[in-house]
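Hello,

Here is the structure we spoke about handing over. My notes on what was found follow below it.

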Amino acid sequence: MKRLLILLLAALLLRPALAAERVDPAADLKAFQTYFHARFPHVPPADFVNGPYAMDAGMRAQWQQIMQFPPYQFALDHGKELFAAAFPNGHHYADCLPHGGIGIAQNYPRFDPKTGRVVTLEIALNRCRVVNGLKKLKLTTGDMDDLMAYLTDRSHGRPVAVVVPDDPRARAAYERGKEYFYARRGQLNFSCASCHMQGAGRHLRGDVLAPALGLIASFPIYRSAWGSMGTVVRRFIGCNKQVRAVPQRADSEDYRDLEYFLAYMSDGLPVAGPGARP
Amino acid sequence: MANTILVRANADGGSTVVQALIRHPMDSGFVKDKSGKLIPPHYIEVLEFAHNGTVVLTALWGPAVSKDPFIKFSFKGGKKGDTLSISWIDNKGLKDSRTAAIM
């Protein structure tokens, strides 16, 4: 019994050291992208950002019809106005962001060494609002997705350039995001990978499942099922509900870390936001 | 309501294909808001397209049409440079209109 306890203790003490050695985002990235390229050899690498439209010709044809009049057009125009408008104190969103906020969406989410947490562009915009005496915007839909539509449009085509710096907190956040992606949850006991890796390209009722590679590169999206625009977090909440898991707060650490992982896995792919999905 | 209409018209041989996206809530009057109160009906009732002054399409819409409706149709005639005008009026009496050149 005592020997068993000693062995258990030794195993527990050794675990953190082993875990730190295992976190290798660059290797994960290579393996992740190689997996999808091997699984879908006829899909050009950049086309993965089109999700279901890269998987199914019929859906692509419908999408091209819809895109003659992008359903996110109103959100895009409104987002441009919102971004340019001054706060009551005279400052602008541009004052809080690098390069005035233009052409930076591909760098987010980023790790903030000051707070030790992942910051998504939505959260950065809200921080800007708070610093300038305004209330935060809802992270899921409304003015926030309109702003995001405009900012991602200004980065359209730029390769995703999310970085996991050599900081143990950043690597831990990345690892948490990765664990979230692969962990089963909810009454239906699915993980993100269940649908977006195993099920990629397959049908789920009337939908064609998008591969995890490039999955969030087209956000924010006008989703026909919603009849409106939404951010990545809006979809995370929806996905949680669909597997009958209890969704979390929109600004939860889990969602930030998951977005960090997913965006990093799409490094090199062109930003394709805003997007339109069924 | 202003600037709610996005339109594109393309002349193709003897006919013109028109596509329009209209920003409108198209509330049916049956949906409740978060506090449980019914959102009053607010939808486009009549939509009209005219080519060089002649009406080519009249749409009698109602609560069954969804938010931000999209319409696509074609009519005989029309050539590049002609004027296409669009106007709508809703059940609250609000309206918007716009003209565009056929491409």
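P109(A) lies in the loop that links α5 and β1 of chain A. The peptide bond between Y108(A) and P109(A) is cis, with omega about 0°. Please keep in mind throughout that this is a predicted model.

A cis bond also leads from G273(A) into P274(A), where omega is near -10°. P274(A) sits in the loop between α11 and β7 (275-277) of chain A.

N189(A) has phi near 60° and belongs to the loop between α8 and α9 (192-198) of chain A. N189(A) counts as exposed because it has 11 C-beta neighbours inside 10 Å, the cut-off for exposed being 12 or fewer. For R205(A), phi is about 50°, again positive without the residue being a glycine. R205(A) is placed in the loop between β3 (203-204) and β4 (207-208) of chain A. With 4 other C-beta atoms within 10 Å, R205(A) is exposed.

**Helix α8 of chain A**

Helix α8(A) covers residues 168-182, which is 15 residues. From first C-alpha to last, α8(A) reaches 21 Å, close to the 21 Å expected at 1.5 Å a residue.

Which residues of α8(A) are buried? They are A170(A), A173(A), Y174(A), E175(A), G177(A), K178(A) and Y180(A); the list takes in E175(A) and K178(A) as well as A170(A) and A173(A). The elements that cover these buried residues include α2 (25-39), β1 (110-112), β2 (117-119) and α11 (253-265), which belong to chain A.

On the α8(A) side, the contact is made by A173(A), Y174(A), R176(A), G177(A), K178(A), Y180(A) and F181(A). On the α11(A) side, the residues are D254(A), D257(A), L258(A), Y260(A), F261(A) and Y264(A). Sorted by class, the contact of α8(A) with α11(A) has eight nonpolar residues, one polar and four charged.

**Helices α5 and α7 of chain A**

Helix α5(A), residues 73-84, packs against helix α7(A), residues 143-153, at an angle of about 90°, and their axes are 7 Å apart. That angle makes α5(A) roughly perpendicular to α7(A). From α5(A), the residues in the contact are A75(A), L76(A), H78(A), G79(A), K80(A), L82(A) and F83(A). They meet D143(A), D145(A), D146(A), L147(A), A149(A), Y150(A) and D153(A) of α7(A). The contact of α5(A) with α7(A) divides into seven nonpolar, two polar and five charged residues.

**Sheets of chain B**

One open sheet of chain B has four strands in the order β4-β3-β6-β7, paired antiparallel. The edges of this sheet are β4 (54-60) and β7 (95-101) of chain B; each has a single partner strand, so one side of each is left without a neighbour in the sheet. From one strand to the next, the twist averages 15°. Strand β6(B), residues 83-90, is joined to β7(B) by seven bridges, and the two run antiparallel. Within β6(B) and β7(B), S87(B) stands opposite S97(B).

Another open sheet of chain B has three strands in the order β1-β2-β5, also with antiparallel pairing. Here β1 (5-12) and β5 (70-76) of chain B stand at the edges, and each has a single partner strand, so one side of each lacks a neighbour in the sheet. Neighbouring strands of this sheet are turned against each other by 15° on average, direction ignored. Between β1(B) and β2(B), residues 15-22, there are eight bridges in the antiparallel sense. V7(B) is placed opposite A20(B) of β2(B).

**Contact between the chains**

How many residues does each chain give to the contact? Chain B gives eight residues and chain A gives five. The side of chain B that touches chain A consists of three nonpolar, two polar and three charged residues.

Regards

Note on methods:
Residues numbered from 1 in each chain as written. Chains lettered and ligands numbered in written order. Predicted model: local features only at pLDDT ≥ 70, side-chain atom pairs only at ≥ 80, totals over all residues. Contact = placed C-beta atoms within 7 Å. Nonpolar A, V, L, I, M, F, W, Y, C, P; charged D, E, K, R; others polar. Expected span 1.5 Å × (residues − 1). Buried ≥ 20, exposed ≤ 12 C-beta atoms within 10 Å, placed from the backbone. Pairing = 2+ DSSP bridges. Axes fitted to C-alpha atoms, helices over the stretch in contact; angles between N-to-C directions. Parallel < 35°, antiparallel > 145°, perpendicular 65-115°, else oblique.
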